[in-house]
Amino acid sequence: SRDYPDILSKLSLYVGAGFAVKVAFTKIAMQYQRDRTEGLQKSRPGYEGVAQLVRRMEDGQGELASYEEFGDRMRHKKYRKLSMMLVQNLRKGQRELIDQLEREEQEAFEERKLAAKIAGEEASTKMLLPMMGLLGVVLVILIYPAMQSIQF
């Protein structure tokens with residue numbers, strides 16, 4: 001999902017600043033909802049998943065169950081990995097989570113850069129045929145008058 005690096009970055013920032021994971025997700029969801037109501041943001045599946053996660057926790061579902069359900073519901077392996085990290089965090093402690101989130105954020109950023117590079121290469125390949133057509137037109141425009149002047 002294209003939202004994953006953004007969500008992970010925000011989560012890492014909030015957790016690194018000392019917020020609990022639950023509070024960090026709540027802040028992310030609140031900002032997304034505010035942007036949606038102001039018309040600044042379109043519907044984005046990753047953020048919708050986070051908003052649903054927050055709603056479930058607010059409705060009384062436990063954090064552990066909510067995180068596991070979040071990973072299953074999102075159907076993307078990256079979100080499942082995040083879900084597993086969060087579940088382990090509840091069992092082990094937050095110091096390790098911050099390091100894991102930073103590593104995962106770096107990996108997600110690298111994957112995003114690679115995807116953008118591949119998309120750019122595909123776009124340049126798709127532009128090759130029209131450019132060849134334009135070259136042909138330019139050659140005809142240049143060669144036709146020359147051929148007319150050769151014929152007496």
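This is a predicted model: local features need pLDDT of at least 70, side-chain atom pairs count only at pLDDT 80 or more; totals for chains, interfaces and linings use all residues.
Contact here means that heavy atoms lie within 4.5 Å, and residues are numbered from 1 along each chain as its sequence is written.

Helices are DSSP runs (H or I, at least four residues) numbered from the N terminus, and S12 is found in one of them, helix α1. Leaving aside neighbours within four places in sequence, S12 is in contact with L101, E102 and E105. Its relative accessibility is 8%, and S12 therefore counts as buried, a term that stands for under 20% relative accessible area, with over 50% called exposed and values in between partly exposed (1.4 Å probe, protein chains only).

| Residue | Relative accessible area | Contacts |
|---|---|---|
| S12 | 8% | L101, E102 and E105 |
| Q100 | 15% | M85 and Q88 |

Two packed helices are described by the angle between their axes and the distance between the axes. For helix α1 (residues 4–16) and helix α5 (residues 77–92), the angle is about 20° and the axes are 11 Å apart, where axes are lines fitted to C-alpha atoms over the stretch in contact and angles run from 0 to 180 degrees between N-to-C directions. That makes α1 roughly parallel to α5, a class that covers angles under 35 degrees, whereas those over 145 are roughly antiparallel, 65 to 115 roughly perpendicular and the rest oblique. The crossing of α1 and α5 is left-handed, that is, the near helix is turned anticlockwise from the far one by less than a right angle.

On the α1 side Y4, I7, L8 and L11 take part, and they meet K78, Y79, L82 and L86 in α5. The residues of this contact divide into 7 nonpolar, no polar and 1 charged, with Ala, Val, Leu, Ile, Met, Phe, Trp, Tyr, Cys and Pro counted as nonpolar, Asp, Glu, Lys and Arg as charged, and the others, Gly among them, as polar.

Within α5, the buried residues include K78, Y79, L82 and L86, together with M85.

Finally, R44 lies in the loop between α2 (21–37) and α3 (45–58), and, not counting residues up to four places away in sequence, R44 touches D3, D6 and Y32.

Methods: Side-chain values use heavy atoms; hydrogens and water are left out. Helices (H or I, at least four residues) and strands (E, at least two) are DSSP runs, numbered from the N terminus.
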